[in-house]
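This report covers the nonpolar core and the aromatic pairs of one structure. The sequence and the model are shown first.

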Amino acid sequence: MKTIIISSEREKRYALSLIEQMEVDGSDTVILKKTDDSSTARQRQLQWLWYTETAASGIGSADTKEAVHINSKWVFARPILLRDDEVFGIIYEKFMETVKDSINYSQYCKVFANEYISTERMTRQQRAEFLRDFQNYWTRKGVNLTDPSMHGLDGNLGFKPKQED
């Protein structure tokens, strides 16, 4: 069984060529369906690989992949969710009103990021934007992140990795 997600003209041409090669004898079945919009396992795999590489780089304040995850949710996921999720925006606004003058503001923000910001609930497109923003930020800072295409991770990520200028 072969699954092809049509996300480029190249993949479309490939799928058409496979169909053209089929015998018209009822021995093959072609199923067309809408692609699931949820985050993919490949996106998740790349995300945690990059967290590990960022933590190991010594650049920035986070020295574990879990700490990179919490910081990244605050820096990269929060703006996407504020833009796209009205309920999240309401909750976030009330949270900020409550903690803005607290001496524990920074700690409360970390707890909020850890407990209330979820990359797992992001759509494939939202996580693609998150990954693109993460990649652009950390490569500019000098972190040598794995190129997804070099490890077979670029297929079905839902985003085009950073292009060199």
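Arginine 78 lies over the face of tryptophan 74, at 4.2 Å from the ring centre. The model is a predicted one. Both Trp74 and Arg78 are also touched by isoleucine 117, along with Lys73, Ala77, Leu81, Phe88 and Phe112, when residues up to four places away in sequence are not counted.

**Nonpolar core**

Trp74 and Ile117 are also among the residues with the most contacts inside the largest nonpolar core, a set of 27 residues; Phe95, Phe112, Phe130 and Phe134 complete that group. At least two residues of this core come from each of helix 2 (41–57), helix 3 (65–84), helix 4 (86–99), helix 5 (105–116) and helix 6 (124–140). Helix 3 supplies the largest share, six residues.

**Aromatic pairs**

A search of the whole structure finds 15 aromatic pairs. The table gives two of them.

| Pair | Centre to centre | Angle between planes | Geometry |
|---|---|---|---|
| Phenylalanine 76 and phenylalanine 134 | 5.8 Å | 70 degrees | edge-to-face |
| Phenylalanine 88 and phenylalanine 112 | 6.0 Å | 50 degrees | tilted |

Why is the pair of phenylalanine 76 and phenylalanine 134 edge-to-face? The planes of these two rings stand at 70 degrees, and an angle over 60 counts as edge-to-face. Phenylalanine 76 and phenylalanine 134 are both buried.

The pair of phenylalanine 88 and phenylalanine 112 is tilted, with 50 degrees between the planes. Distant parts of the chain are linked here as well: phenylalanine 88 is in helix 4 and phenylalanine 112 in helix 5, 24 residues apart. Phenylalanine 88 is buried, as is phenylalanine 112. Phe88 and Phe112 are also both in the list of residues that isoleucine 117 touches.

Ring pairs also build a cluster, made up of Trp48, Trp50, Tyr51, Phe76, Phe130, Phe134, Tyr137 and Trp138. Of these, Phe130 and Phe134 are named among the residues with the most contacts inside the largest nonpolar core.

The C-alpha atoms of glycine 58 and valine 143 are 8.9 Å apart in space, while the two residues are 85 residues apart in sequence.

Notes
Residues are numbered from 1 along each chain as its sequence is written. This is a predicted model: local features need pLDDT of at least 70, side-chain atom pairs count only at pLDDT 80 or more; totals for chains, interfaces and linings use all residues. Side-chain values use heavy atoms; hydrogens and water are left out. A nonpolar core is a set of buried Ala, Val, Leu, Ile, Met, Phe, Trp, Tyr and Cys residues joined through side-chain atoms within 4.5 Å. Buried means under 20% relative accessible area, exposed over 50%, partly exposed in between (1.4 Å probe, protein chains only). Helices (H or I, at least four residues) and strands (E, at least two) are DSSP runs, numbered from the N terminus. Contact means heavy atoms within 4.5 Å. Rings of Phe, Tyr and Trp (its six-membered ring) pair if their centres lie within 6.5 Å; planes under 30 degrees apart count as stacked, over 60 as edge-to-face and the rest as tilted. A charge sits over a ring if NZ of Lys or CZ of Arg is within 6 Å of the ring centre and within 35 degrees of the ring normal.
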